[in-house]
Amino acid sequence: FMWLCGAAHQAGAWPQNQRMKSIRDLNKPPQIEGRVEAIVVRGSPREVARTVESTVALAGIGLEDDRLGQRGEAELSTRQVTLIQSEHLDVIARLARVDRVDPVGLRRNLVVSGINLLALKNARLQVGDALLEIVGPCQPCSRMEETIGLGGYAAMRGHGGMTARVITTGSIRVGDVVRAQP
């Protein structure tokens with residue numbers, strides 16, 4: 001591998017005055033921005049989810065309009081807020097062999113575009129006025145078979161999004177910028 005990198009450097013693939021990035025450098029959150037495409041909230045575990053145009057992320061709790069926020073008590077869970085990439089909705093639909101996947105049925109709180117959530121594990125994310133900390137993958141549940149259809153659970157594996165904790169209270173609106181903190 002080092003020989004290949006050295007050969008690429010000698011061939012002019014990297015400018016002479018720029019060093020190759022280390023794995024540590026590459027694992028830092030990229031300085032890119034995304035966008036909130038939808039906000040989805042749930043009243044209770046079996047209640048149908050709905051979209052809202054804006055909400056407030058409550059530090060240590062979750063979204064104000066979601067079931068965790070309605071309880072109003074500190075949530076020790078790492079699933080205070082769930083996020084999914086809008087780009088993955090088409091992938092899930094193709095894998096499940098359906099025409100379209102409705103993000104409301106997936107019950108993830110924030111549908112975002114333009115930013116690779118999986119690359120941001122353990123990173124802090126500014127979403128509107130709120131600060132979230134990405135904790136880990138949001139695994140699908142067996143309800144995906146009901147929501148998407150046969151094969152829905154398998155289609156969601158690896159594309160289910162990420163979970164996050166709310167670090168700083170703040171408002172979130174559809175259209176807000178999503179930005180990884182350095």
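The model is a predicted one, and its secondary structure comes to 7 helices and 11 strands. Of the 182 residues in the protein chain, 42% are buried.

**An open sheet**

- Three strands form an open sheet in the order E4-E3-E10, and their pairing is antiparallel.
- The edges of this sheet are strand E4, which covers residues 62-63, and strand E10, which covers residues 170-173, and each of these pairs on one side only.
- Strand E3, made of residues 54-58, runs antiparallel to E10 and is joined to it by 4 bridges.
- Within this pairing, Val56 has Ser171 in E10 as its bridge partner.

**The largest pocket**

- The largest pocket holds about 250 Å³ of space, and of the 16 residues that line it, those closest to its centre are Arg42, Arg67, Arg79, Arg107 and Cys141.
- Two helices, H3 (67-71) and H6 (143-147), each contribute at least two residues to the lining of the largest pocket.
- Sorted by class, the lining of the largest pocket consists of 7 charged, 6 nonpolar and 3 polar residues.

**The second largest pocket**

- The second largest pocket has a volume of about 160 Å³, and its lining is made of 14 residues, of which Leu118, Gly158, His159, Gly160 and Gly161 are the closest to its centre.
- The lining of the second largest pocket is divided into 7 nonpolar and 7 polar residues, with no charged residues.

**Two arginines with positive phi**

- Arg97 is not a glycine, yet it has a positive phi of about 60°, and it is found in the loop that runs between helix H4 (87-96) and helix H5 (103-106).
- Because its relative accessible area is 74%, and the cut-off for an exposed residue is over 50%, Arg97 counts as exposed.
- Arg107 likewise is not a glycine and has a positive phi, here of about 65°, and its place is in the loop between H5 and strand E6 (110-113).
- Arg107 has a relative accessible area of 11%, and therefore it is classed as buried, since that class takes in values under 20%.
- Arg107 also belongs to the description of the largest pocket, where it is one of the lining residues closest to the centre.

**Thr82 and its surroundings**

- Thr82 is part of strand E5, which spans residues 81-85, and with a relative accessibility of 1% this residue counts as buried.
- A polar atom of the Thr82 side chain lies 2.9 Å from the backbone nitrogen of Asn109.
- When neighbours within four places in sequence are left aside, Thr82 is in contact with Arg107, Arg108, Asn109 and Leu110, and also with Cys138, Met162 and Thr163.

Key: Residues numbered from 1 in each chain as written. Predicted model: local features only at pLDDT ≥ 70, side-chain atom pairs only at ≥ 80, totals over all residues. Heavy atoms only, no water. 1 Å grid on protein atoms, 1.4 Å probe; cavity = no way out; pocket = protein on both sides within 12 Å on 5 of 7 lines; lining within 4 Å. Points joined across faces, edges and corners; volume = space filled by probe spheres on them. Nonpolar A, V, L, I, M, F, W, Y, C, P; charged D, E, K, R; others polar. Buried < 20%, exposed > 50% of the residue type's maximum accessible area, 1.4 Å probe, protein only. Polar contact = N/O pair within 3.5 Å; in protein donor to acceptor, adjacent residues only side chain to side chain. Contact = heavy atoms within 4.5 Å. Pairing = 2+ DSSP bridges.
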